[in-house]
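The following questions and answers concern a structure to be examined together with its sequence. Please keep both in view while reading.

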Protein chains: 2
Amino acid sequence: MPDAPTPAGLLDRLHALLGPRGLLTDPADIAPHLSDWRALYQGRALAVARPADTAEVAAVVRLAQETGTPITVQGGNTSMVGGAVPDESGRHLVLSLARLNRIRDCDPVDMTMTAEAGVVLKTAQNAAQEAGCLFPLSLGAEGTATIGGVLSTNAGGNTTVRYGNARELMLGLEVVLPDGQIWNGLRRLRKDNTGYALRHLFVGAEGTLGIVTAAVLRMFPRPRDTALALCAVADEEAALGLFRRFRDRDDSAVRAFEYMSGSGVDFCVKHIEGIAQPLSDRAAHYVLVDLASPRPDAGLRDMAEAVLAEAMEEGIVLDAVLAESEAQAQKLWRIREEHPEAQKREGASVKNDVSVPVSKVPEMIRRCSAALVELIPGSRPVPFGHIGDGNIHMNLEQPPGMDPAVFLARSHDIMDCVNAIVRDLDGSFSAEHGIGRLKTDMMEEWRGGAELDAMKRIKAALDPAGLMNPGKVLP
Amino acid sequence: MPDAPTPAGLLDRLHALLGPRGLLTDPADIAPHLSDWRALYQGRALAVARPADTAEVAAVVRLAQETGTPITVQGGNTSMVGGAVPDESGRHLVLSLARLNRIRDCDPVDMTMTAEAGVVLKTAQNAAQEAGCLFPLSLGAEGTATIGGVLSTNAGGNTTVRYGNARELMLGLEVVLPDGQIWNGLRRLRKDNTGYALRHLFVGAEGTLGIVTAAVLRMFPRPRDTALALCAVADEEAALGLFRRFRDRDDSAVRAFEYMSGSGVDFCVKHIEGIAQPLSDRAAHYVLVDLASPRPDAGLRDMAEAVLAEAMEEGIVLDAVLAESEAQAQKLWRIREEHPEAQKREGASVKNDVSVPVSKVPEMIRRCSAALVELIPGSRPVPFGHIGDGNIHMNLEQPPGMDPAVFLARSHDIMDCVNAIVRDLDGSFSAEHGIGRLKTDMMEEWRGGAELDAMKRIKAALDPAGLMNPGKVLP
C-alpha cells in the first residue's frame, strides 16, 4: 500500500503544538502503537500525538477536524477486540492519552477520585487504598489498562457481580467532543437529574463520540473480612445453584464468583508452574467463591462453611477447600487468572466473550460445548468466567496435534457457532470486551433496525465528519 | 385563548385505532390529565390517548408525526416539576401509558422483572415481594408513580444510598422512538457491551427522546435483618459524621440515611396526628438510620448500638432511640414521610431539590439557611432528605402570618438564592426531580455550552420534528 498523503503542514503544526515529547514520528517509536497485544491487527499511522493535558487534546482534535484527519484514541492498548489500533490506511493520527496521568483528587469523605484518562487502573486502585478506600474494578490487564480505556469500553472483570461494570463506578466525565469543545462534566454527585445522561453515552462508545480525558470514580469502604473457597461442583446447574445460595444469603458479600471447567484447570496444572490439582480428586466443574465485607465481624468464613455444608449435603458441592491465609487465597485465585496463559501454552485457542441471563448459563455452557466439539471434532471447550454476571468466556482449544493455523482459520465459524446458541438464549455477543474492529460486522445482525439506526443518528449528530475512531463499533 | 385547530381527521383516526376505551375527548375525562398535583401548571390538550399495548403506542406516535401533533407523555402524573402535563396551547395530545400495566415476567433466579411502563411502582414492589425478592426503589408517590415515569425521570428516593437511582435498577428497555419504530432492548443481561448505551439515554430524558413502554428491572434479595434508629445529632457535621461511621462500617447495610432539621420535626409534631417529640429533648438536628441485610444473622441491631455508643462518647450523637419493633420503626419513619404534609399545613413553602458532594452537605445546609432567612426575614428553612446522597430538600416555610401569595411570589428568588450557593459548592439544581417545565430556564446557565449543545444535537437527531414532550428538559 502506498503511503497515504499527510495533510499539508499537519505534522509541523502538531509539533509546534505538542513539542518533541508530545509527538512521535519515528517508525520505531510508533510501532508499539500500531498493533494490538493479541496481534489480530497491524495498522499504520501518520504519527502518535501524546498531548500533556486536556487543552492539548482539544487542540489536536480541532486540528484533526480542520485537516480531515481521522483519530484513533489509545489508552493502555489492551483491547481484546482491536479497539485501540489504527487501520491499514496510514491516514490516522494515533492520539495517546498516556501523559494525562494525574490523579487530581482522592476524597475518602465523598468516596470519589478524579483521575485523568491515562492513569493506569492499578495506579488508581493503589491511590484508593492509600486513602483507606477501595476502587474495586479489577481485571487481568489492570497493570496496563487505563481509566480512559476501561471507561470507554465499559470494562467488567471479576468484581462486576458486586460493584458493577466501569459504568457503575463513574459519577462524572471530562470529554473532548469531536468539534474540539471541552465538556467539563466532572461532577461528584450521587444524584443529578439535569438533562440527558451524556456521561453514560461516552462510556462504552470506544472513543467514537469523543475523547474521555478525566473521570470522577466511585470508591468504597475497603474489605476488613474476607473468605475464599474453591469448590468442585456436580455440574453446571450446581455451579449456578451455589451462586444463588451465596447471593441470596448476602449478595453484598459476594465479591466474585467464578466458574472454571475441569479442562481449564487441567491446562493450568499441566502448564503453569506452582499450580497443582487443588482438590484430592479431579473434577469436571469448579467454582471460586470470593467473599468480602467492610465489617471486621462479618463472619464470612462461618457463613461460607455453613452454605457449603448445606450444599454438600444436597450433593451440589462435591468437595471444597477454604483458604487458610491470604497467601493460599492468592494461590487459588491464580488458577483462575492463569487460564489465558495455560490455554496459550496448550496451543491455539479462540475466545468468545458472551453473556446470557444468569439462569441460562448452564444450558449455554452445555449446548455450546457440544456444538463446538461437533463443529471441530477433538477440539476442547474451556468455558470459564463470571457466572454471577451470566458472562462466560466460552473459549475453544484446538484439537491436539492440529496445525494451529488450520484451527484458527475456523475462528469465525467457532464464533458463529457460539453466537447462534447465545442468541437463542437471549444473550449478547460481547459481554465485557466491546466491539472494537473485531465485532463491527456482527452489529447489523444483532443490533440492526431501530437500535443501530439510533446509534448512527447519534454518531452523525456528534461527529458529522466521522473522524473519531472510524471503523470501530459501528459497521 | 382560542381553541387550537385539531389536525383534520386526527381524532377520528385515533378513535378508530384505539377504540372508545383508548381515547378520552370529554373535557371532564381529560381534566385530571391537564394539571400537575402541585398545581403549578394548568394545560390544555386535544385529547388523551390511552393505548393498550406497545404497538398501539407506536401507531399513535406515527400518527402524531404524520399530523405534526406534539405529544405529552404521562405516567402517574406525580412529577414535582410539571414534567407530565401539556402546555397551554391546546395543540398537544396527551399519551397516557396507564393501560400498559402488565408485569410480563418476574424471575427470582435472574433477579429480574419485566414490567410495562404503566405498572405502578408499588405494584412492582409487591410483585418482587411475592417472588421472594426486593425491588428497592421507594419514594413518597410510589402508590401512583409508574415504572415508565420513574425511569423517564431517573427517580431517586430513600434507598438510593444503597441501591442507586432508577437508572441503576434498570437492565433493559423497550422504547417507541419518535419515528414510531419500536426498539426492543429488553435484555436481562448484567454485561452487554455492544455499542452506545441507548438505554441510559432514555432514562432521565423525560420522554423527550422517545417513549419508554417497558423495562427490565433488577431485583435483590429481600432483607431478613433490619435495625432502625432515630438520633439527635449535635449539628450538620455530626449528621454527616454519623453517616460516615455507618457507611464505613458496612456500606451495604445502610438502606437509608435521612437528615431532618428540628424545624421540620416540630412541624410534624404540631400538625400530624400521632406524631410526638421522638426523644426526651427537642433537638436541632436529627438523622434516621435505616439498616438492612439479607443475612438473618447480620446482627444489625448490635452494630447500630456499637456505632451509636461510640458516637455518643464523641459527642456526635446526643440521644437516640432504636426501634423495638417493625411498628415502632414505621412510626419513626412516619416523621420523615410526613414532612411535606406538615409543611403544607404550616403554610406556604417553596421546595428546592438540590445536591452537592456529600462532604459539602453541612456547609450547604448552613449557608442556605442563613441566606434564606436574610432574604426573607422570619421565613423558616426546613432542610431534610438524603444526606448520604448529598441530596437535601432545602425547603423554605413562609414567615408566620405572611400572605402565602406574597411569599410564593418570591419562589424564584428563593430558588435562585439556594442555587447560587449550591453552584458554588459544585452541586446540582435538580437532584432527583428532573427538569420538567419548572427548571428548563435554568438549563442554559447550568448546562450551557458543550453539554447543552450536545443534548440539543441528540434531540434533533432522534426527534427532528420536535414533537416528543416539547417544552420539557431543553430550553
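Q: Which residues does Gln125(B) touch, not counting residues up to four places away in sequence?
A: This is a predicted model, in which local features need pLDDT of at least 70, side-chain atom pairs count only at pLDDT 80 or more, and totals for chains, interfaces and linings use all residues. Residues are numbered from 1 along each chain as its sequence is written, chains are lettered from A and ligands numbered from 1 in the order in which they are written, and side-chain values use heavy atoms, with hydrogens and water left out. Contact means heavy atoms within 4.5 Å. By that criterion, the residues touched by Gln125(B) are Phe135(B), Leu137(B), Ser138(B) and Glu142(B).

Q: In which helix is Gln125(B) placed, and is Gln125(B) buried or exposed?
A: Helices are DSSP runs of H or I with at least four residues, strands are runs of E with at least two, and both are numbered from the N terminus. Gln125(B) belongs to α4 of chain B, residues 121-130. Buried means under 20% relative accessible area, exposed over 50%, and partly exposed in between, with a 1.4 Å probe and protein chains only. Because its relative accessible area is 11%, Gln125(B) is buried.

Q: Where does Ala234(A) lie, and what is its relative accessible area?
A: Ala234(A) is found in the loop between β12 (225-233) and α8 (236-250) of chain A. Its contacts beyond four places in sequence are His285(A), Gly315(A), Ile316(A) and Leu318(A). Ala234(A) is partly exposed, and its relative accessible area is 36%.

Q: How far does helix α3 of chain B reach from its first C-alpha to its last?
A: Helix α3(B) comprises 14 residues, 54-67. The expected span of a helix is 1.5 Å times one less than its number of residues. For α3(B) the expected value is 20 Å, and the computed reach is close to it, at 20 Å.

Q: Which residue caps the N-terminal end of α3(B)?
A: At the other end, α3(B) is followed by Gly68(B), whose phi is positive, near 65 degrees. At the N-terminal end, a side-chain oxygen of the capping residue lies 3.3 Å from the backbone nitrogen of Ala55(B). That residue is Asp53(B).

Terms used. A polar contact is a pair of N or O atoms within 3.5 Å; within protein, one must be able to donate a hydrogen and the other to accept it, and residues adjacent in sequence count only if both atoms are side-chain atoms.
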